[in-house]
Amino acid sequence: MPEQNSNKNEWPLWEVFIRSKAGLDHKHAGSLHAIDAQMAIENARDVYTRRMEGVSIWVVESKHVHASDPDSSGAMFDPANDKIYRHPTFYDLPDELTHM
Amino acid sequence: MKNRILYTLQLADNALIYGHRLSEWCGHGPVLEQDIALTNISLDFLGQARGFYQHAANLFNALPLAEKQGMFLSVALEEKVKKGENIDEDDLAYLRDGWDFRNLLITEQPNGDWATTVARAFYFDTFNHLYYTQLQKSNDLQLAAVAEKSLKEVTYHKRWSSEWVIRLGDGTQESHEKMQAALNDLWPFTGEMFRMTDVEQEMADGKTGVDAAALHSQWKQDIVSIIDEATLQLPEGTRLQDGGKDVRHSEHLGYILAELQFIQRAYPGMEW
C-alpha cells in the first residue's frame, strides 16, 4: 500500500491479526495506529481483545501488505467461476465427519 | 474488626478514586487506541474496588449494632445503619462523604497533561504491583483473592505506564521536559504510599495487611531502572504530602465525589 502523506504527525497504521483460540489460525481483525510494533500489539490487546476475543496477536505495518489490483480482479478471479470440479463436493462423506 | 474494615476500605478507595480519575480520559484521549487503553485500565480498577467494597460491606454487616454506629461520619450511611439495614458495595462507594475516604492523595490528583497522567500511573502502578504481590499472602482469603486477580491487571498497567515514561523521556526535547516536570510535580505524593498508619501496622502485624514501608527500597529500585532508561532524573526532595490515609484530603476529592455520587445522592437507589 502506498504511504499516506496526508498527515505527517499521524502514527503509522498497523494491521491486526487475532487467534481466537489455540489451534485456530490468526484472522484479520482490523487496523490501528501505533508508534512501533510493541505499542501496536498492546493497542491491539486493548482495542480488539477486550471481550476475550483472542489468545495471540500478530501485527504488521500496513505498508508491508501488498494487495492485488482491484482493476484486474476479472482476470484474477473470474476464471475460477466455472471450474466446479475443483470443489471436493463429489465425495460421499460419513455423517460423523464435520467441519468440511 | 473495625480496623480490618477500614483497611479494606483504604484499598477500595484507592481503586475507586484512581479509576474514576482515569475514566475522565474517556473520549478525551490523545488517540483512539490510548483512549481505550485508559478506559480498560479504569475498568480494571473499578472491578478491584468492587471486590474490596463487597468484602468491607460483608465485614461491616456482621458487626453488632453498637460497633456499627459511629464508624462512618456520613449521615446517609448512618441512617441506614440506624434502621438496621445491611449495606452493600454501592452504599460504601456512593454514600460516604469525603472525610470517610481513605485513598492516597496521589490517586485523587488531577489528570493534567498526558505526561502527568503517565507519571501518576507510573508511581502508583509500580507500587500496586509490589503491594498486590504481597497482599496475595494475606490471611484474609477475600483480600488475597482480590489481590491475586488484580495482580495480572496491575502487571499490565505497570508495563503500560513504564513504557510511556521511557517513550516520552527518551523522545523529543519537549516530551522529555514535560515528562521530567510531571515526575517532579507528583514526587511529593509518593511518600504517603510507604508511611504506615496505625491501622496498616496492626493489619501487617496480624499478617492480614501488607508492610508497605518494607516495599520502599524495591519500589525505588524499580522506578530508577525505568527513569534511567528514559534518560530522566529521579526527583529529589523529601517534603512529602501526606494525609489521605488519615482522611485528610486535597481539595480535589470533593469535586470527584460530587460528580461520582451525585446521581445516587439526588435519586437514591436509582438503577439503569
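Two strands are said to pair if DSSP finds at least two bridges between them, and the elements themselves are DSSP runs, numbered from the N terminus, with helices (H or I) of at least four residues and strands (E) of at least two. This is a predicted model, in which local features need pLDDT of at least 70 and side-chain atom pairs count only at pLDDT 80 or more, while totals for chains, interfaces and linings use all residues. Residues are numbered from 1 along each chain as its sequence is written, and chains are lettered from A and ligands numbered from 1 in the order in which they are written. The model scores ipTM 0.77 and pTM 0.88.

Chain A holds an open sheet of 3 strands, in the order E2-E1-E3 and with antiparallel pairing. Its edge strands, each pairing on one side only, are E2 and strand E3 (56-61), and the twist from one strand to the next averages 30°. Strand E1 (residues 13-19) of chain A is joined to E3(A) by 6 bridges in the antiparallel sense; within this pairing A:Arg19 has A:Ser56 of E3(A) as its bridge partner, and A:Trp14 stands opposite A:Glu61 in E3(A). E1(A) also pairs with E2(A), again in the antiparallel sense and over 6 bridges, and here A:Ile18 has A:Lys27 of E2(A) as its bridge partner. H1(A) lies across E1, E2 and E3 of chain A and runs at about 130° to E3(A), where angles run from 0 to 180 degrees between N-to-C directions and axes are lines fitted to C-alpha atoms, for helices over the stretch in contact.

In chain B the account turns to helix packing. Two packed helices are described by the angle between their axes and the distance between the axes. The axes of helix H1 (residues 2-23) and helix H2 of chain B come within 8 Å and cross at roughly 155°, which makes H1(B) roughly antiparallel to H2(B); angles under 35 degrees count as roughly parallel, over 145 as roughly antiparallel, 65 to 115 as roughly perpendicular and the rest as oblique. The contact of H1(B) with H2(B) has 18 nonpolar, 7 polar and 1 charged residues, where Ala, Val, Leu, Ile, Met, Phe, Trp, Tyr, Cys and Pro count as nonpolar, Asp, Glu, Lys and Arg as charged, and the others, Gly among them, as polar.

Helix H2 (residues 32-61) of chain B also packs with H8(B), at an angle of about 165° and with the axes 10 Å apart, so that H2(B) is roughly antiparallel to H8(B). Residues count as in contact if their C-beta atoms, placed from the backbone, lie within 7 Å, and those that H2(B) gives to this contact include B:Ala37, B:Ile41 and B:Phe52, while those from H8(B) include B:Leu143, B:Val146 and B:Trp160. By class, this contact has 6 nonpolar, 6 polar and 2 charged residues.

Helix H8 (residues 141-169) of chain B meets helix H9 (residues 173-186) of chain B at an angle of about 130°, with their axes 7 Å apart, and the two are therefore oblique to each other. H8(B) contributes B:Val165, B:Leu168 and B:Gly169, and H9(B) contributes B:Ser175, B:His176, B:Lys178 and B:Met179, a set that divides into 3 nonpolar, 3 polar and 1 charged.

Where do the two chains come into contact, and how many residues of each are in contact? Chain A brings 9 residues and chain B brings 6. On the side of chain A, the elements that give two or more residues are strand E2 (27-33) and helix H1 (37-48), and H1(A) gives the most, with 4 residues. The residues of that side divide into 4 nonpolar, 2 polar and 3 charged.
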